[in-house]
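Colleague: I have the sequence and the model open side by side. Could you walk me through how the inside of the fold is put together?

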Amino acid sequence: MKYLRFTIFLLFIVFAFSLSCSSDSENTDDTDDIDDVSDAVSTPLAAFDEFNTDAVTVSFDGDNITIESNGVPNHTSPYWPETHPLYVEPIVAVALTPGRIGGNRSYSITVPSVPELASSSTATGLGPIGIAVTGVPIFNDLEGDNRPIEEVIAETFDYAGAHNGPSGYHYHIESSDIPENTVLSHDDEKLIGIMADGFLLYGRREMDGSYPTDLDESGGHFGVTQHSNGEIIYHYHIVNEFYFGNVIALFAGDLQGTPNTVL
């Protein structure tokens, strides 16, 4: 009888051990299934090859990237002085705001080389919220008195989606699809620029020509871009929605990372 009880005890130990191993194996499988995509990925350096070198200087210092610009674009506009080689008659704009491209403007922003999503988003304010590949600052969907862009304001935008203001020439909306537009993104996958939180902003489409379907409220998502060398990064897109009429804002949401000041 003692031998029988001892045998049963051994069998119980073996059975319990086998359950423990099975449980450990299942836990490992569950861990493998966890989505381990992280927002902490370096900004792809290839993206900075897109920037207008006549206007923009990019420098790297440890964990930071500094983008400096004189704000002078490399495309035509009626906002150039009429004697400038890039001046064109107004094509889209109905009326022009005072001032012209040029002068002693300068913009600078320092962002982390590995931008991360913040615990809460940050609303954008008046003034520059990013720098475009042309060197021109990016503004949000508000005008000087904090009112949303409306038709009377949109009529002052050139085909690049920009007009002049107290802080100089700047973009608010997506550029127009006209023959004169040979540089700027319109309903495509091109890089627009870099935002104040360090995340890149792209056009309305993905690399394969499709519209992204998983964008957050700011137009951001995780995905591969033409600059990320197959690596998944968080980035923004122009949201494929008309603000009003045929106007599409470049960026009308909150910044999902920690914003840095464009000086």
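Colleague: Let's begin with the rings: which residues do ring pairs link into a cluster?

Modeller: Keep in mind that this is a predicted model. In it, Phe199, Phe222, Tyr234, Tyr236 and Phe251 are linked into a cluster by ring pairs.

Colleague: And how many aromatic pairs does the structure hold?

Modeller: There are 10 aromatic pairs in the structure, and one of them joins Phe48 and Phe51, whose rings sit 5.7 Å centre to centre with 35° between the planes, a tilted arrangement.

Colleague: Is Phe48 buried or exposed? And what about Phe51?

Modeller: Phe48 is buried, with a relative accessible area of 9%, and Phe51 is buried too, with a value of 5%. Both count as buried because the cut-off is under 20% relative accessible area.

Colleague: Okay, now Tyr79 and Tyr169: why is that pair called tilted?

Modeller: The ring centres of Tyr79 and Tyr169 are 6.0 Å apart and their planes meet at 55°, so the pair is tilted. Tyr79 lies in the loop between strand 2 (64-69) and strand 3 (107-112), whereas Tyr169 belongs to strand 8 (residues 168-171), so the pair ties together parts that are 90 residues apart in sequence. Tyr79 and Tyr169 are both buried.

Colleague: Moving on to the largest nonpolar core, which residues touch the most other members?

Modeller: That core has 44 residues, and the ones touching the most other members are Ile67, Ile138, Tyr169, Tyr171, Met195, Leu201 and Tyr236. Several strands each supply at least two residues of this core, among them strand 2, strand 3, strand 8 and strand 12 (233-237), while the largest share, 4 residues, comes from strand 9.

Colleague: What does Ile138 touch, leaving out residues up to four places away in sequence?

Modeller: With those left out, the contacts of Ile138 include Pro128, Ile131, Tyr171, Ile192, Met195, Leu201 and Leu250. Separately, there is a second core of 6 residues, which includes Ile149, Phe157, Ile173 and Val247.

Colleague: Last topic, the largest pocket: how much space lies in it, and which residues are closest to its centre?

Modeller: The largest pocket holds about 340 Å³ of space. It is lined by 21 residues, of which Val92, Ile173, Ser176, Asn246 and Val247 are the closest to the centre.

Colleague: And what is that lining made of, by class?

Modeller: The lining of the largest pocket is made up of 10 nonpolar, 5 polar and 6 charged residues.

Notes: Residues are numbered from 1 along each chain as its sequence is written. This is a predicted model: local features need pLDDT of at least 70, side-chain atom pairs count only at pLDDT 80 or more; totals for chains, interfaces and linings use all residues. Side-chain values use heavy atoms; hydrogens and water are left out. Rings of Phe, Tyr and Trp (its six-membered ring) pair if their centres lie within 6.5 Å; planes under 30 degrees apart count as stacked, over 60 as edge-to-face and the rest as tilted. Buried means under 20% relative accessible area, exposed over 50%, partly exposed in between (1.4 Å probe, protein chains only). On a 1 Å grid over the protein atoms alone, a cavity is a set of points where a 1.4 Å probe fits but cannot get out, and a pocket is an open set with protein on both sides within 12 Å along at least five of seven lines; lining residues have an atom within 4 Å of a point. Grid points are joined across faces, edges and corners, and a volume is the space filled by probe spheres set on the points. Ala, Val, Leu, Ile, Met, Phe, Trp, Tyr, Cys and Pro count as nonpolar, Asp, Glu, Lys and Arg as charged, and the others, Gly among them, as polar. A nonpolar core is a set of buried Ala, Val, Leu, Ile, Met, Phe, Trp, Tyr and Cys residues joined through side-chain atoms within 4.5 Å. Contact means heavy atoms within 4.5 Å.
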